[in-house]
Amino acid sequence: MKFKWKINATAFCFLIFLQNVNAQDCKTSADLDATPGKYLTAAQYPWPAARAEYFNNMKTAADKAMAKKTLEQIEKTEQQSHAGFNLTGGNWENTFSTAGYQYLSNTKLGQYAFDAALYEFFCANGKAKRNSEYSTVLRIYVNQLQLTTLDRFLSGPFGSSLGSYDFGLQYADWKNHKPVDVNAKLINLFTYITCNNSSLLEAINSGNGYFQDVAEKDIKPNNRSNYIYRYWFVKKNDLPVLIPVSRKEYLQSLLEYYEREKIYFPKLVAELTADRSNDIKYYSNWQADVDNKISIVNKTLKENTEEWLAKQAIVNPAADNQQRYSAKLPEQTNYNRFWKFYDNENKSQPLYKYNPEYFKADAASPAKPQFITIAFRYVTMPSSLRMFNNFTKQFDFEAVKKLL
């Protein structure tokens, strides 16, 4: 069987250029570092099919148009930071992407991002070629506090016993939930965030300065293997983005979660019984476990003053899990059991939520920018440091703020 491969002629020529870098001769690292590079916009990405998918995760024409307009403005601002800068040692290549939607507090926002990565050159048979991987990358996230790159400091701490998302019990409106709608609003417990770094929280809530995940004193020179992230957070007003969750709010969110367990466990037990699964033994005492969890929370709410309940909830999932283990309670039916509130104990973390006063629905489009996270990942190699230092000196943060 013969296969016929079809490729856009322009893209093919472009790929040959990317791989061969104009056939520059090289022998040493210094040769590579001095090899002129190219700036490539998102519109110049060589694969038309990939470019066509940039905005696929925005569901309406208005949202696609808003995301496209915003990302093109971000790209233009980033391009202007190159003025007078001599790019060598690799290509600086841009792409756009859309992540879909997420509720920040009660507001559903479209999320999308601008990426620019440095594809460094390497020497092969005396010729400079473009590496297909990168260490240095700038990512600008719109309407997104990117938790995956900040998970050492910010995280959603609570696990779930509620099984497959097809049941929809993790979502606020579970009765009308459609399995394909992963962007629906979650119940409150799963929207909370822990933060263990006051400097990061201050940078997010103030929009001033930056946060770096590695202290300057700990940075090793000429090191390619250790990534360093620097973050800037761009806000539309002086209101904080994250605000404390009170003890009362947290306890009430636990009750909401336990009510979902009372819906889920009978369905699960019926399935396990029909399948004659040995796993049913883990759920034989589910009703008593859930009732006990509910009674503890209700007792805590009843026996404490409103002043005490208004204080910020500080949680410690690791300590809670250890208490559950020591009490020999089955994990499957004792998720998110409340034991106590914490203070300065090891691994204790204060609980936050997105500020409903900051995030407001916009009539124009849920994709309209309300908050922007800028993340620059670099290593301490010459080509990476040149890009990073030029960005920090020349990038117009105020121009990005005007997008909000």
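**Entry 1: overall make-up**

I counted the secondary structure elements and found eleven helices and 13 strands in the protein chain. These are DSSP runs, numbered from the N terminus, with helices taken as H or I of at least four residues and strands as E of at least two. I note that this is a predicted model, in which local features need pLDDT of at least 70 and side-chain atom pairs count only at pLDDT 80 or more, while totals for chains, interfaces and linings use all residues. Residues are numbered from 1 along each chain as its sequence is written, and side-chain values use heavy atoms, with hydrogens and water left out.

I took the extent of the C-alpha trace along its principal axes, which is about 75 × 60 × 45 Å. I then looked up burial: 46% of the 404 residues count as buried, where buried means under 20% relative accessible area, exposed over 50%, and partly exposed in between (1.4 Å probe, protein chains only).

**Entry 2: contacts, surface, charge**

I checked the contacts (heavy atoms within 4.5 Å). Of those with a separation of 6 or more, 77% come from residues 24 or more positions apart.

The chain exposes about 21,100 Å², and carbon and sulfur atoms supply 50% of that area. The areas come from the Shrake-Rupley method with a 1.4 Å probe; for residues, only the protein chains shown count as cover.

For charge, I compared the mean positions of 50 positive and 41 negative charges and found them 4 Å apart. Lys and Arg count as positive and Asp and Glu as negative, without His or the chain ends; each charge is placed at NZ of Lys, CZ of Arg, CG of Asp or CD of Glu.

Grid points are joined across faces, edges and corners, and a volume is the space filled by probe spheres set on the points.

I found three cavities of 30 Å³ or more. The largest cavity holds about 40 Å³, and its lining includes Glu78, His82, Trp92 and Phe376. Helix H10 (residues 382–394) gives the most to this lining, with three residues.

The largest pocket has a volume of about 480 Å³. Of its 23 lining residues, Gln102, Tyr103, Leu186, Phe190 and Thr191 are the closest to its centre. Strand E2 (residues 90–104) gives the most to the pocket lining, with three residues.

Asn222 lies in the loop between strand E8 (211–212) and strand E9 (228–235), and counts as exposed at 60% relative accessibility. Lys347 is in the loop between helix H9 (317–326) and strand E12 (349–354); at 55% relative accessible area, Lys347 is also exposed.

**Entry 3: helix H6**

I looked at Tyr264, in helix H6 (residues 247–275). Tyr264 is buried at 6% relative accessible area. Outside the four places on either side in sequence, Tyr264 touches Ser161, Leu162, Gly163, Phe167 and Leu169.

Glu261 is also in helix H6, and is buried with a relative accessible area of 0%. Beyond four places in sequence, its contacts include Ser161, Leu162, Lys293 and Tyr335.

How values were computed. 1 Å grid on protein atoms, 1.4 Å probe; cavity = no way out; pocket = protein on both sides within 12 Å on 5 of 7 lines; lining within 4 Å.
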